Amino acid sequence: MSLRIGIVGTGRTIGVATDHLKGIQAVPQWELTAIYDIVQEHAERWVEKNNLSKDIICLSLTDLFDKVDAVSICTDNLSHGMIAREAFKRKLPVLCEKPLSINYYESKLLADEAEAAGIVNYMGMQYRYHPYAQVIKELIQADELGEVFSYRHKLGGSRIGNPNVGLEWRMKKETSGPGAVADFGIHQVDLISYFLQEICGEIKNVQAELGTFIPYRQTEHDIGAVTNDDLAVIILRLENGALCTLNNSRLLPSEGDGLEIVGTKGAVSMNSHGEIFFRKRVEGGAWASECTQLKIQERHRFSGLARGKQYTEFYEAIVQGAPYELSFEYGAKAAKVIEAAVLSSGIGKRVSISEI
Ligand SMILES: NC(=O)c1ccc[n+]([C@@H]2O[C@H](COP(=O)([O-])OP(=O)(O)OC[C@H]3O[C@@H](n4cnc5c(N)ncnc54)[C@H](O)[C@@H]3O)[C@@H](O)[C@H]2O)c1
C-alpha cells in the first residue's frame, strides 16, 4: 500500500527538506505528492534543484493537506507546533523536524496533544540511524565496553562560523528557542539515550555554560542581534554515575568533532572522519597497546541511510501500527534536558532533570 506525503518548508538556509526527500525516495511505499513553503519562490527553486514536477507545489497548507496522507514538517522551530496541530485536526500523521518546539513546555504541550489525538507523531532525530551509531550500538549490546563511566561528544556545524552569514531564524530566540545547545544538543541527548539508557539509566542532572560569540549579524538592511547561544558546553550525569561532556557549536571547524565512550572493559571512539576505533583493556585493567579500527558493514546501513530508516519506521507506524520510539513525547523528553542546560547556564548552577 502506498501513501502520499507532503513536505512543509522546502528550505532557505540549510534546507533539511532535501535530506527528507532522499529518505522518502528511498522507501518505495512513499510518494511525494505535495510541497508547501510560505515563500513560494523557495518551493519553486527546490523543485527545480531536485528535478521534481512543479505540479506538486501547493499555495497553502490546506491545499497540501488535501493532497496527502501524511506530513513532514521542515520549517523553523517556532512554526512546527502550528503546522502539526493543523495536520492533527485533519487526522494526518506527522514527521516533525527537531527540536519539536522552542522550549520544553511548548514541546510537552504539543506531545500531549499528539498523544490525545491518537495520531502517529514522529521526530526527525535521525542520528541513531547513521551507520557509525549502528556500529557503536552493536558493540555496546555485545557488552564490549562493560560498565560505561565516561562519554564525550563534540558536534556542530561550521557554516555559520563565518560572521558574514546574515541573521537567520535559528539565531533568534523567538523563532528558534535556544541556539546550538538545542540544535546539536537534542541529537546528542538522543544518542546518549540510544546508546546508554539501558546500561547507565536516565540523565539525572545537567550543568552547562552557553555563550554567544558572534553577537551581531547582517540583516537585509541593517545589523541585528543574535539572541541565542552559538556555543555550549554541557556536563551531564547519568543514573549510574557516568559523566558525559558535550560540546555543541555553530562556530568551530569540524576537525575536532568526535565521540568517545569509555567503560570498564573497553573504549570506542569516532573521529571527525567517521573512523571508529575500539581499544580493550587487558587482564589486570590496563589499556591494550593495540587499537582496532571497526569498519562499517552492510548490516549497519539502511536503505536511504538514516532518513530512509526513519521513513520506513514512519510508514510502518501508520500502516501496521508498529511501535516507534522517536515520538513527540520522546522529543519533549530530550527538550527537557536542553531546558535544564539553559537554566543551568542562566543561574550558574547544576540542575536536576526532576526540577524541570
Ligand atoms: N535533523 C537534522 O539533522 C536537522 C538539520 C538541519 C535542520 N534541522 C531542523 O529542520 C528545520 C528546518 O531547518 P532548515 O535549516 O532546513 O530551515 P531553512 O531555513 O533552510 O528552511 C525553512 C523553510 O521553511 C519555510 N517556512 C517557514 N515557516 C513556514 C510556514 N509556516 N509554512 C511553510 N513554510 C514555512 C521557509 O520559507 C524556509 O523555506 C528546523 O527545525 C531545524 O532545526 C534538522
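Reply:
**Where the domains meet**

Taken over C-alpha atoms, the centres of domain 1 and domain 2 are 25 Å apart. Those domain bounds come from an automatic or database domain assignment, which gives 3-127 + 304-326 as domain 1 and 128-301 + 335-347 as domain 2. The contact between them takes 19 residues from domain 1 and 19 residues from domain 2; two residues are in contact if their C-beta atoms, placed from the backbone, lie within 7 Å.

Now for the domain 1 side. α4 (77-89), α5 (104-117) and α10 (305-319) each supply at least two residues of the side that touches domain 2, and α10 gives the most, with 4 residues. Helices here are DSSP runs (H or I, at least four residues), while strands are E runs of at least two, numbered from the N terminus. By class, that side of domain 1 has 9 nonpolar, 7 polar and 3 charged residues. Nonpolar means Ala, Val, Leu, Ile, Met, Phe, Trp, Tyr, Cys and Pro; charged means Asp, Glu, Lys and Arg; the others, Gly among them, are polar.

Keep in mind that this is a predicted model: local features need pLDDT of at least 70, side-chain atom pairs count only at pLDDT 80 or more, and totals for chains, interfaces and linings use all residues. Residues are numbered from 1 along each chain as its sequence is written.

Among contacts between residues at least 6 apart in sequence, 71% join residues at least 24 apart.
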